[in-house]
Amino acid sequence: MPKYRPADVLKYSRHDHMNELQIIKAYADLGHYDRIKPKIDQYIQRAAQESRMTALAVPDFVEWALTYNWKSPKAPVTWSVEAIDVTWADIESNMLASAAALLDGLEAVLPLGPDHDLYGELRGPQDRHILFSYDGVKLEHRVIEELQKKVESAGGSLTVEKTDDGAIFIIKPQMDERGDE
C-alpha cells in the first residue's frame, strides 16, 4: 500500500472535488438542471460516508479504502459504512489485508472497460464483515476459488454468492495476531 504525504492527499482530494464541481457546472451550462440536484446529493452522500469511515478507529484501513480509487482501478469502489458503532481495531490488519487481497485479485482478472461497479460496505456489530457487491463480467469458478485462497492467506474468510450480473463477496476478517478472536 503506498503511503501518501499530506501534500499528495490534498492534491488528489482537490482533484476529486474539482471533478465533481466541473460536472455540476457542465450540467448547469448545458441546461440540464434536472441532473444537478441528484449529482449534488450523490456528492454529499459520498462525503458523508467518507466522514463515517474516518470516524472508525482503523486509520490504515481507512487510508487504503479512501485512496484505493486513486490508482485507477478497473472497478472503483463506492463505500458505505453501516457499522459506525462497531470496534474494528482488533481486526484492522487482517481487514485491510483481506480486502486488498480480494480487490487485487479482481483487478488481475477484470478486463479494461467501464462495465464494472463495485460497492463496499462495512457491516456489524454482531457479525463484523466487509461486503463487496460486484456487477460486471461473470466470474469463472476457478477465479472465485483463487480469490478465496488469496483472502484466506491474508487472514480472512471469503463467502461468494454469484448473481446474474456479478457476485457478492463477504469477507470476515479473523482476529489479528495480537487479538483474541
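**Charged pairs and overall fold**

In this predicted model, Lys37 has a relative accessibility of 55% and therefore counts as exposed, the threshold for that class being over 50%. Its partner in a salt bridge is Asp41, with 2.9 Å between the closest N and O atoms. Asp41, at 37% relative accessibility, counts as partly exposed. Both Lys37 and Asp41 belong to helix H2, where four residues, or about one turn of the helix, separate them.

Glu20 pairs with Lys39, and their closest N and O atoms are 3.3 Å apart. Because Glu20 lies in helix H1 (residues 6-29) and Lys39 in helix H2 (residues 33-54), the pair ties together parts that are 19 residues apart in sequence. How accessible are the two partners? Glu20 has a relative accessible area of 11% and is buried; Lys39, at 13% relative accessibility, also counts as buried. The cut-off behind both assignments is under 20% relative accessible area. Salt bridges with shared partners extend this pair into one network that joins Glu20, Lys39, Arg46 and Glu50.

In total, the structure holds 10 salt bridges.

Attention now turns to the fold as a whole. The protein has five helices and five strands, arranged along the sequence in the pattern α-α-α-β-α-β-β-α-β-β. Its radius of gyration is 17 Å, close to the 16 Å that the globule rule gives for 181 residues, so the protein is as compact as a globular protein of that length. Along the principal axes, the C-alpha atoms fill a box of roughly 55 × 35 × 30 Å.

Contacts and surface complete the description. Among contacts between residues at least 6 apart in sequence, 67% join residues at least 24 apart. Of the 181 residues, 38% count as buried. The protein exposes about 10500 Å², of which carbon and sulfur atoms supply 52%.

How values were computed:
Residues numbered from 1 in each chain as written. Predicted model: local features only at pLDDT ≥ 70, side-chain atom pairs only at ≥ 80, totals over all residues. Heavy atoms only, no water. Helix = DSSP H or I, 4+ residues; strand = E, 2+ residues; numbered from the N terminus. Rg over C-alpha atoms; globule rule 2.2 N^0.38 Å. Buried < 20%, exposed > 50% of the residue type's maximum accessible area, 1.4 Å probe, protein only. Contact = heavy atoms within 4.5 Å. Areas by Shrake-Rupley, 256 points an atom, 1.4 Å probe, with all protein chains shown as cover. Salt bridge = Lys/Arg side-chain N within 4 Å of Asp/Glu carboxyl O.
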